[in-house]
Amino acid sequence: MTPSAPRPYRGVFPVAPTPFTDAGELDLAGQRRVLDCMIDQGVDGISILANYSEQFLLDDAERGTLLELCLAHVAGRVPVIVTCSHFSTRIAAERARAAAAAGAAMLMLMPPYHGASLRADDKGILEHFQRIADATPLPIMVQDAPLSGVALSVPFLARLAREVPRVAYFKIEVPGAAAKLRGLIEAGGAAIEGPFDGEESITLMADLDAGATGTMSSALLPDLIKPVLAHHRAGRRQDAAAAYARILPLINFENRQCGLRATKAVMAEGGVIRSEAVRHPLEPLHPATRAGLLELAREVEPLALRWGK
C-alpha cells in the first residue's frame, strides 16, 4: 500500500481515537467511521495507536487488529503514522516491522522508558532508534513528551538525526516547545525533515513561528486547525492568528479539562461513534465538564460534531 502524499510530510496529522463499546470492547465499525470522518476533515495524515488512541489500554492482539483494520480501511487515502513505542528495543522493532508490512508511512516512538525511573542513557537511546531504523525502511518520528520522563536535549536530538538518518521527524510537546523547535531546526539543519508540535496544538502559533511544518492534534477539530497552517505557510500570519484565536478556547478546554475524552465526547455527540466509553482506570467526563466542552464546540462547529447526523 503506497502512502498518498510525498515526503516531506507536513500539515495536520491528528491522532485517531480508539472507540469502545459500552462494555469496553473494541468497536471496529466505529473505528472505520472515525477514520472516514478524519479523512473528510481534510487531514494530511493520521496517527494510530498513539497515547490519545489509548494505546496503553490495549493488549497485543488488539493492537494487531487495529493496525490491520486501520491501514486496510485508510487504503492509502492519506499517510498513516503508527506508534511503536516500547521500552524493549526488540518489541519496538517487531512493532515497526508489523507496521511497515501493513502499509504504514512512518513510525513514531518515544525514547525507551518504563515506570517512574527506568530509563536508557543517551547511548542506549541512540542504539534503540538505530536498531528500529535498521528493521524497516520507514522514516521515524521521535515523540518528545513529558510522559516519558526522558530529557532529550537539542544537541542530542540533532545528533540522533545526523547519525540515524531515518530519524527525520520530531514531535516536540514539552514546555517551551517553540524555543526547542527553533533550536532543533538550527542545530540539525537539513537532517530535520519534519519539525512538528503536538499536545492538541495548544501552542501552535508560537510553534509555527519557530519553524514547525506540522502538528499532531487530536481528531476533535483538525478541519479548523488546518486553515491556521495554510494561512501561516502562505505568509498570511494575521489570518492564521485570527483563525487560531477563534478555536483556541476549545483547544484549551480539551487540553486542560478533558484530555483524550474530548474527541470521543464530540464524536459521540456528532454521530461518528456510538459510545464515548474509555477503559478503566480512566473515568468518563463529569457531566458538567462534558457540557462545557460541547458548549465551546457548538460555537465553532467542527465537522466531528455533525459528521454522523
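Begin by selecting Asp27, which counts as buried because its relative accessibility is 6%, where buried means under 20% relative accessible area, exposed means over 50% and partly exposed lies in between (1.4 Å probe, protein chains only). Before going further, note that this is a predicted model, in which local features need pLDDT of at least 70 and side-chain atom pairs count only at pLDDT 80 or more, while totals for chains, interfaces and linings use all residues. Residues are numbered from 1 along each chain as its sequence is written, and side-chain values use heavy atoms, with hydrogens and water left out.

**Salt bridges**

Asp27 sits in the loop between strand 1 (11-12) and helix 1 (28-40), and Arg274 in the loop between helix 10 (261-269) and helix 11 (287-300), so the pair ties together parts that are 247 residues apart in sequence. Helices (H or I, at least four residues) and strands (E, at least two) are DSSP runs, numbered from the N terminus. Whereas Asp27 is buried at 6% relative accessibility, Arg274 counts as exposed at 67%.

Next, select Arg159 and Glu163, whose side chains form a salt bridge of 3.0 Å, N to O. Both residues belong to helix 5 (residues 154-163) and are four residues apart, about one turn of the helix. Arg159 is partly exposed, with a relative accessibility of 34%, and Glu163 is also partly exposed, at 42%.

Move on to Glu173 and Lys171, another pair joined by a salt bridge, at 3.4 Å, N to O. Glu173 is buried with a relative accessible area of 11%, and Lys171 is buried with 5%. Elsewhere, salt bridges that share partners join Glu269, Glu276, Arg290 and Arg298 into one network. In total, the structure holds 17 salt bridges.

**Helix 8 and helix 9**

Now display helix 8 (residues 222-233) together with helix 9 (residues 237-258), whose axes come within 8 Å and cross at roughly 155°. Axes are lines fitted to C-alpha atoms, for helices over the stretch in contact, and angles run from 0 to 180 degrees between N-to-C directions. The two helices are therefore roughly antiparallel to each other, a term used for angles over 145 degrees.

To see the contact (heavy atoms within 4.5 Å), select residues of helix 8, including Leu224, Ile225 and Val228, and residues of helix 9, among them Ala240, Tyr244 and Ile247.

**Backbone features**

Which bond joins Arg7 and Pro8? A cis peptide bond does, with omega about 0°, and Pro8 has its place in the segment before strand 1. Then select His280 and Pro281, which are joined by a cis peptide bond with omega about 15°; Pro281 is in the loop between helix 10 and helix 11.

Finish with Leu49, which has a positive phi of about 60° although it is not a glycine. Leu49 lies in the loop between strand 2 (46-48) and helix 2 (60-74), and is buried, with a relative accessible area of 4%. Ala75, too, has a positive phi, near 55°; Ala75 is found in the loop between helix 2 and strand 3 (80-83) and counts as partly exposed at 46% relative accessibility.

Technical notes
Salt bridge = Lys/Arg side-chain N within 4 Å of Asp/Glu carboxyl O. Parallel < 35°, antiparallel > 145°, perpendicular 65-115°, else oblique.
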